[in-house]
Amino acid sequence: MPNENDKSTIVDRVEQLLTAANARGVHLRLTGSRFDDGWLYLVVEPMQKGERASQHAHLMTEIERTLQKEGYDQVLLVPAVPEHSGLTDV
Amino acid sequence: MSTWFDVAIDSRKAANELVRTRHRSCLSRAYYAAYAKVTDMLVKKGVTMPDGREGPPHTGHLPTGEAKQKGIRQLIVEKLTEFDPKKRRALPELIGELYTLRLYGDYRPSQQIDAAEAREAVSMMTTVFENF
């Protein structure tokens, strides 16, 4: 379970993984984060039009799995939706 | 009066009907079928839903304000403890991917969705029904 102090480490790692994915042609960016009750929510949104929805969904799962293997098992990547508000900028 | 299981079955049938013809609509029905199936499992485990709601918040609903409401993925991890560790990891992933597909289907027309996404969503939905 991550704690508040882990947040910047995890955010940096996710940025790194997203950059690697960008090089493979899957473009997502981190737009917000929130730590709550032992869970870290990381909000992502598409950077380019015309990419496959399933590639984005798979990438989010892949990043969560990577973080689990690295010891951060309560991190959720969630897609940005219009209702999201009050997020902490990354 | 319907149960969450009834809702799940109805949405599953709709997703299966739409998979070849209405790809974006299929994603929505497939997600809600899986959401209702998992909610049925949570209700049967005695999980109490937040005030004013009959089901848990979706995974993208971030906790805000005083009322801490755990989302469906957190509830799977914390409450459906009868599953082995592999399944307890897989089910939230399936729900998360279906939710992303559903959001893209409804809110992101600029992203590509076609028969491949619809088939994949139905496959994930079927896994939720048959393996959990």
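The radius of gyration is taken over C-alpha atoms, and the globule rule used for comparison is 2.2 Å times the number of residues to the power 0.38. Chain B has 132 residues, for which a compact globule would have a radius of gyration near 14 Å; the 15 Å of chain B therefore agrees. This is a predicted model, in which local features need pLDDT of at least 70 and side-chain atom pairs count only at pLDDT 80 or more, whereas totals for chains, interfaces and linings use all residues. Residues are numbered from 1 along each chain as its sequence is written, and chains are lettered from A and ligands numbered from 1 in the order in which they are written.

**Chain B**

The C-alpha trace of chain B spans about 40 × 35 × 35 Å along its principal axes. Chain B holds 5 helices and 0 strands (DSSP runs, H or I of at least four residues for helices and E of at least two for strands, numbered from the N terminus). Along the sequence the pattern is α-α-α-α-α.

Helix α2 (residues 23-44) and helix α3 (residues 72-79) of chain B pack at about 40°, with their axes 11 Å apart; axes are lines fitted to C-alpha atoms, for helices over the stretch in contact, and angles run from 0 to 180 degrees between N-to-C directions. α2(B) is therefore oblique to α3(B), a class left over once angles under 35 degrees (roughly parallel), over 145 (roughly antiparallel) and 65 to 115 (roughly perpendicular) are set aside. B:Y35, B:V38 and B:L42 of α2(B) meet B:I72, B:L75, B:I76 and B:K79 of α3(B), contact being C-beta atoms, placed from the backbone, within 7 Å.

**Interface of chains A and B**

The contact draws 24 residues from chain B and 23 residues from chain A. On the side of chain B that touches chain A, α3, α4 (85-107) and α5 (115-131) each supply at least two residues, and α4(B) gives the most, with 8 residues.

**Sheet of chain A**

In chain A, 3 strands form an open sheet of mixed pairing in the order β1-β2-β3; strands pair if DSSP finds at least two bridges between them.

| Element of chain A | Residues |
|---|---|
| β1 | 28-36 |
| β2 | 39-46 |
| β3 | 75-79 |

β1(A) and β3(A) are the edge strands, each pairing on one side only. Neighbouring strands are turned by 25° against each other on average, direction ignored. β1(A) and β2(A) pair in the antiparallel sense over 8 bridges, and A:L42 in β2(A) is the bridge partner of A:S33. Helix α1 (residues 7-23) of chain A packs on this sheet, touching β1, β2 and β3 of chain A, and its direction makes about 160° with that of β1(A).

Notes. Contact = placed C-beta atoms within 7 Å.
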